[in-house]
Amino acid sequence: MGDGGSDTGEDPMLDSLICVAGSSIKRSGFIASHSSDERERRVIFVNAGGEELRRQGHSEIEVETDRFFQGGDVLRTDEEVADGGDLPSIYQSARCGNFCYEFRDLPPGDYSVDLHFAEIVYTNGPRGMRVFNVFIQDEKAVSELDVYSIVGANRALQVMNIPVSAGKDGVVSVNFQGVVGSPTVSGICIKQGAPELQLVSSGRDGKSLLCDNCFAPVKLTAAENKAARMSFTAKYEREIRELKAQCQMKQDECYEAWMSLTAANQELEKVRAELDVKFFQNFTLGQAMEKETEKMAKISSKYEHDRRLWVAAIDELERKMKAIKSEHSQLSFEAHQCANSIPGLNQMVTAVQSLVGQYDDLKMKFNEEQERRKKLYNQLLESKGNIRVFCRCRPLNMEEASSRPQTVVEFTDAKDGDLGVLMNGSNKKIYKFDRVYTPKDDQCDVFEDASPVATSVLDGYNVCIFAYGQTGTGKTFTMEGTEQNRGVNYRTLELLFKIAEDRKKTISYDISVSVLEVYNEQVRDLLASSPPMVVRLEIKQVSEGVNHVPGVVDMKVENVDEVWNILQTGSNARAVGSNNVNGHSSRSHCMICTVVRAKNLVTGECTRSKLWLVDLAGSERLAKTDVQGERLKEAQSINKSLSALGDVISALATKSSHIPYRNSKLTHLLQDSLGGDSKTLMFVQISPSEHDLGETVSSLNFATRVRGVELGPAKKQSDTTEIQKLKLMLPFCLCQLKCKDDTIRKLEENVQVLEGKTKSKEQFSKSQQDKIIDLENQVELKAELCGHLEKRLSHVYEKMQRKEEACYSFQQKVISFIMKISELHNPISLSARSFEG
Ligand code: ADP
Ligand code: MG
């Protein structure tokens, strides 16, 4: 131990660093020994991180340049290293980092190692910046060495006399391993032989002591030994007592410190918890604020956007309003102009109103006129007689023509209704009828005269048209006609439809047809079934002057084709069940009944009227035909019904109180259409042949009797000039009415158009004004909302600031607590360590 005493014994704290018995720590640098022994013991001395050093003199020192190392870096300082001993410069350099030393080729045997350190980097600390372990031959020699903690910066420190053995390989390895930071070393010295520990310890137990100057063992006597031991013992006992008292004191201090530490820890925990809570609150608040800010940003951007839109919309609306206003003023100007341009618009309106009044008046007058016209027309017909008789003579047939018979009829004054019949050669008798048709007159001529009577059914009159005459004189031809040459029946119905169509704007008509046959005083419905069934005649009065036969098929017809089909059906049905078609048809009455239901669309008046078209059975007398049995019955029936017809007409003529309608089925059926307001037209059919003279005369006499009924009554005489005048006036009136109508309509249209325009403009401007008001309201609302939101935002900001302040104060508190705690902690740890030592 030539280089002086160790510090280890004086500073027990350092002992904990030493892991190998015999080694020690010294708080100073290398001191060269004067003994040559010591010099010779040094096998290798390297200046870690430095150059070779040589000191001449009695204590010669040789330090090699740094070698035997593996890894690490070199550290150097120019600063002076205090307590550097004889070689302060070796402490100015160091090997640092991840390194180790391996000394080779050493002779096998025991060695001791000195390690030299100085903190030349972390000169301002703090403690614990560099802590490391040292392993020699893989065995920990120094544990957790912190040079700065022990000696401070730029001060030398030695760990001396670490025993080591070199094996056969002659290698001694020194490893440095950092605990905190990287290890450093300034020098390594390997000395021969194990450290001489035994010597010191034997000195302590009294056998030998070391010289204070040279550390050489000193031999003592037994008495000296005892005195020395006593003084040692007394010294140690005193030291122990002092230490015990110190220990107690430290224990107490420690306890107090421990308690205060516990309290501080508790408080710290509390503060931490509070801090956590505050932190969490702060965090959530921060988040909420972020959200709020985001929201606000969104709202304000939306607000800005909306505001821009509104401003644009308001501008647009203002523009539109201006345009509308100008349009409005333009329109009102135009309206004024228009009003001005029409001199006296008010007068015009009044004029129009008066025209409308006039129009209504005229319409009424027109209706009245129509009514009057009807009446007059009726009167006209009546003036010609309510029963009118037309006489039609058929042409000679082929047979008659070939046998050159004498024609017994003469048509010289046929135009005046006079018919001459040559009786017994030269005796000529004149018959007077309403019309006389020569064989040359065709169906058209006949219908032309018959149509006014027939069509008066449309004016609400009951009408009866029948053909009377001997078989073969053309009754069926006149009534039915042929397909190429249609008769009164078809033509009448055709005309009814035509007139109905013409009048459809003012009157709507429903027309239905039934076809009956009277044979042997039996009524058959020819439309009901085939063969025709017999109808039990039961006549009911449905209204004044209108009878109805229940159970009779009443076919509604819409057009002429349907009429034709019905007429054909009837005609065909009539033939069924008869051996001799012509014969049968001649011996029965064929009766077509047309019922007309009319509704006047102007006045609402409804009428129901009937038109009978009757093809009577042949009127030839019994005497002429050689009849028996069935034929006789037929002839009697025919005779009965024709006589009854004559009687009824006679009774009507004489205005008898009793009209014997019920004497035959024929008259019974015709009851509502014979007499009263009803009109009757009879075709008396005659043959021109000399052969048929008797029958012709008979027929003509019957017809004359019938016609004579209504001739001459004074009341039937009507003033035709008035009618003519009215007739002339009528088209003019109609034309005027139409003109007025047109003018009124045009004026009304104009007024309506103008009113519509004004209305629409007014509406448009009103809707625009409403829109503006609406938008203004919206703007106000939004502004309010914005103000509200701004207030909320400032409120949130305030809150945030307050929270921040609170947080800041908490942080301050926490820092002060931490400081307090660390203050408390340091003395405790210091005292704890001293206590442990
Ligand atoms: P009725 O019905 O009176 O028995 P019809 O109508 O059957 O008589 O006539 C007998 C025939 O005379 C028929 O062939 C018919 O065509 C013809 N006839 C009748 N009247 C005329 C006339 N005015 N012109 C041409 N032929 C006629
Ligand atoms: Mg006939």
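This is a predicted model: local features need pLDDT of at least 70, side-chain atom pairs count only at pLDDT 80 or more; totals for chains, interfaces and linings use all residues.
Which helix gives the most to the shell around ligand 1?

**Stop one: ligand 1**

Select ligand 1 together with the residues around it, which are Arg392, Arg394 and Pro395, then Gln470, Thr471, Gly472, Thr473, Gly474, Lys475, Thr476 and Phe477. Colouring this shell by class shows two nonpolar, six polar and three charged residues. Now select residues 475-479, and the opening question is answered: this is helix α9, which gives the most to the shell, with three residues.

Next, display the oxygen atoms of ligand 1 and look for what approaches them. From Gly474 it is a backbone N or O atom that lies 3.0 Å from an oxygen atom of ligand 1, whereas Lys475 brings a polar side-chain atom to 2.9 Å from a ligand oxygen, and Thr476 has a polar side-chain atom 2.8 Å from an oxygen of the ligand. Taken on its own, ligand 1 has 550 Å² of accessible area, and the protein covers 67% of it.

**Stop two: strand β29 and its partners**

Move on to residues 606-615, which make up strand β29, a mostly covered strand in which seven of the 10 residues are buried. To find one of its partners, select residues 463-469, strand β21, which pairs with β29 in the parallel sense over five bridges; here Val463 stands opposite Leu611 of β29.

For another partner, select residues 589-600, strand β28, which runs antiparallel to β29 and is joined to it by 10 bridges. Within this pairing, Val596 has Ser609 in β29 as its bridge partner. Follow the chain from β28 to β29 and you trace a hairpin with five residues between the two strands, where Gly604 in the turn has a positive phi of about 80 degrees.

**Stop three: a five-stranded sheet**

Finally, select strands β1, β10, β7, β13 and β2, which in that order form an open sheet with antiparallel pairing. At its edges are β1 (24-26) and β2 (42-47), each of which pairs on one side only, and from one strand to the next the twist averages 20 degrees.

Terms used:
Residues are numbered from 1 along each chain as its sequence is written. Chains are lettered from A and ligands numbered from 1 in the order in which they are written. Side-chain values use heavy atoms; hydrogens and water are left out. A residue is near a molecule or strand if one of its heavy atoms lies within 4 Å of it. A polar contact is a pair of N or O atoms within 3.5 Å; within protein, one must be able to donate a hydrogen and the other to accept it, and residues adjacent in sequence count only if both atoms are side-chain atoms. Accessible areas come from the Shrake-Rupley method with a 1.4 Å probe; for residues, only the protein chains shown count as cover. Helices (H or I, at least four residues) and strands (E, at least two) are DSSP runs, numbered from the N terminus. Ala, Val, Leu, Ile, Met, Phe, Trp, Tyr, Cys and Pro count as nonpolar, Asp, Glu, Lys and Arg as charged, and the others, Gly among them, as polar. Two strands pair if DSSP finds at least two bridges between them. Axes are lines fitted to C-alpha atoms, for helices over the stretch in contact, and angles run from 0 to 180 degrees between N-to-C directions. Buried means under 20% relative accessible area, exposed over 50%, partly exposed in between (1.4 Å probe, protein chains only).
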